Amino acid sequence: MAKVAFIGLGNMGGPMAINLVKAGHDVIAFDLSAAALAQVAAEGAKVANSAKEAVAGADYVISMLPAGKHVLALYLGEQGIAGAISKQALVIDCSTIDADSARKVGTGLAEQGIAFIDAPVSGGVGGAKAGTLTFIIGGAAADFVNAKTVLADMGKNLFHAGVIGAGQVAKICNNMLLSILMAGTSEALQMGVNNGLDPKILSDIMLKSSGRNWTLELYNPCPGVMPNVPSSNEYQGGFMVDLMTKDLGLALEAANQSSSSTPLGELAHSLYVQHQQAGNGKLDFSSIFKMFEK
Ligand code: NAD
């Protein structure tokens, strides 16, 4: 079992760290929030007084932070913990951040002889709690293999997307497509309803026809069509509009940097920003369905 420093014990990081404790790893946690630390301490994690203290002697350093600026500050900026990390350690950043920041952290740590991979996740808070996350990894093949020692205790699917930064790019490609599918499915369902169709019957028809997609199969956005999804629970739980909007912003940044044409991604971003500004940021992203209501 490994000694793991875990930094960022929020909605995602907290349950992920707890799964590592349950798997028998020696977890030393640090977060700026005392409440977040108390939750993981109650489940058996040790608590450090600073990020530097947490990483001392760790085999793996895992971070799960809000955005690129936090990850840069932690490893290379004002918190500057790189000097305290063992040269034998593997640093795994699981946050969803811009690929450029991931590459900068990778280069900065490599200059100090420390290995780094970006490993953003798909699966949300439910997946983090259940230990069924998908990890999408960018980095050297040997580091990908090494990371399995800890990632397999927090997730079910581990993908090697390519070099450092590739994990972030693959994740935002997926989420951009998901947002387009969700908006398109919502639009089609509402048009059917406006023309007198039952949304459940229309969903069944499209599921067996060429409009079939993940949102219809597993995450229908129309309330009452499917049990146990956010749309049938007033859009509570699931993946927040705030986070989808953040990921679409990252996708457009990557599109600009690579001169990629993403008109549908831009439209989805604009729809989600409008929806967020109308006060729906904390609702599940399938609530975009409401935007197409008459
Ligand atoms: P969160 O806001 O709940 O948690 C972030 C934690 O980081 C907080 O506890 C905060 O105190 C801590 N933190 C911030 N700066 C710090 C620092 N410098 N040192 C130590 N701790 C610090 O966010 P979350 O929902 O857990 O998301 C974390 C990351 O995972 C984000 O990048 C997000 O985009 C991504 N993500 C979230 C979900 C989801 O459904 N919540 C799904 C997939 C990916």
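Me: What should I know about the model before I start?
Reply: The model is predicted: local features need pLDDT of at least 70, side-chain atom pairs count only at pLDDT 80 or more, and totals for chains, interfaces and linings use all residues. Residues are numbered from 1 along each chain as its sequence is written, and side-chain values use heavy atoms, with hydrogens and water left out.

Me: How many helices and strands are in the chain?
Reply: The chain has 12 helices and nine strands. Both are DSSP runs, numbered from the N terminus: helices are H or I with at least four residues, strands E with at least two.

Me: What is the radius of gyration of the chain?
Reply: It is 20 Å, close to the 19 Å that the globule rule gives for 294 residues, so the chain is as compact as a globular protein of that length. The radius is taken over C-alpha atoms, and the rule is 2.2 Å times the number of residues to the power 0.38.

Me: How do I read a pair of packed helices?
Reply: Two packed helices are described by the angle between their axes and the distance between the axes. Axes are lines fitted to C-alpha atoms, for helices over the stretch in contact, and angles run from 0 to 180 degrees between N-to-C directions. Under 35 degrees counts as roughly parallel, over 145 as roughly antiparallel, 65 to 115 as roughly perpendicular, and the rest as oblique.
Take helix H4 (residues 68-75) and helix H5 (residues 99-111): their axes come within 9 Å and cross at roughly 10 degrees. H4 and H5 are therefore roughly parallel.

Me: Which residues make that contact?
Reply: Contact means heavy atoms within 4.5 Å. Gly68, Val71, Leu72 and Tyr75 of H4 meet Ser101, Lys104, Val105 and Leu109 of H5.

Me: At what angle do H8 and helix H9 pack?
Reply: H8 and H9 (residues 199-207) pack at about 130 degrees, with axes 9 Å apart. They are therefore oblique to each other. Ala188, Leu189, Gly192 and Val193 of H8 touch Pro199, Leu202, Ser203 and Met206 of H9.

Me: What follows H8?
Reply: Gly196 does, and its phi is positive, near 90 degrees.

Me: At what angle do H11 and H12 cross?
Reply: The axes of H11 (residues 241-257) and H12 (residues 263-280) cross at roughly 150 degrees and come within 9 Å. That makes H11 roughly antiparallel to H12.
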